Amino acid sequence: MNPNDLVPLLGMATGMLSVVVIGIAVVKVAQSSIGQALARRIGGRGASDADSDALRTEVAELRDTVGDLQHRLVEAEERLDFSERLLAQGRPRDQA
C-alpha cells in the first residue's frame, strides 16, 4: 500500500470523526438546561407565565418596600436637621 493513498483516507476519516464529535456536543448542549432556555428565548417564550407573574409580584413588593424606606429616610433626615438646629442654638442660661 502506497503512503500517498492513506493521506486522503485519513483526511476523510478525520473529517467524519470531527463531524460526529461536534454533532454529539451540539446535542448535549441542546438537551441541557442552557439549551432549553436558549430554545425558549429563540421561540419567543421567555419564562413561564407563573414565573413571570411571581417576578412581577416580587418586583411590586420590592418597589413598595423601597418607597417605604425612602419615606422613613426623609423623616429621619428631618429629625436630624431639627436636632442639629437645637444643638446649634445652645441652652439658655438660668437668670436666677
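User: How is the packing of helix α1 (residues 3-31) and helix α2 (residues 33-42) described?

Analyst: In this predicted model, α1 and α2 pack at an angle of about 75 degrees, with their axes 4 Å apart. Axes are lines fitted to C-alpha atoms, for helices over the stretch in contact, and angles run from 0 to 180 degrees between N-to-C directions. Helices are DSSP runs of H or I with at least four residues, strands are runs of E with at least two, and both are numbered from the N terminus.

User: Why is α1 called roughly perpendicular to α2?

Analyst: Angles of 65 to 115 degrees count as roughly perpendicular, under 35 as roughly parallel, over 145 as roughly antiparallel and the rest as oblique. The angle is about 75 degrees, and therefore α1 is roughly perpendicular to α2.

User: Which residues of α1 meet α2?

Analyst: V29, A30 and Q31 in α1 meet S33, G35 and Q36 in α2, where contact means heavy atoms within 4.5 Å.

User: Why does R56 count as exposed, and why does D53 count as partly exposed?

Analyst: Exposed means over 50% relative accessible area, buried under 20%, and partly exposed in between (1.4 Å probe, protein chains only). R56 has 56% relative accessibility and therefore counts as exposed; D53, at 44%, therefore counts as partly exposed. Buried residues make up 2% of the 96 residues in the protein.

User: Which conventions apply to the residue numbers and to the predicted model?

Analyst: Residues are numbered from 1 along each chain as its sequence is written. Local features need pLDDT of at least 70, side-chain atom pairs count only at pLDDT 80 or more, and totals for chains, interfaces and linings use all residues, while side-chain values use heavy atoms, with hydrogens and water left out.
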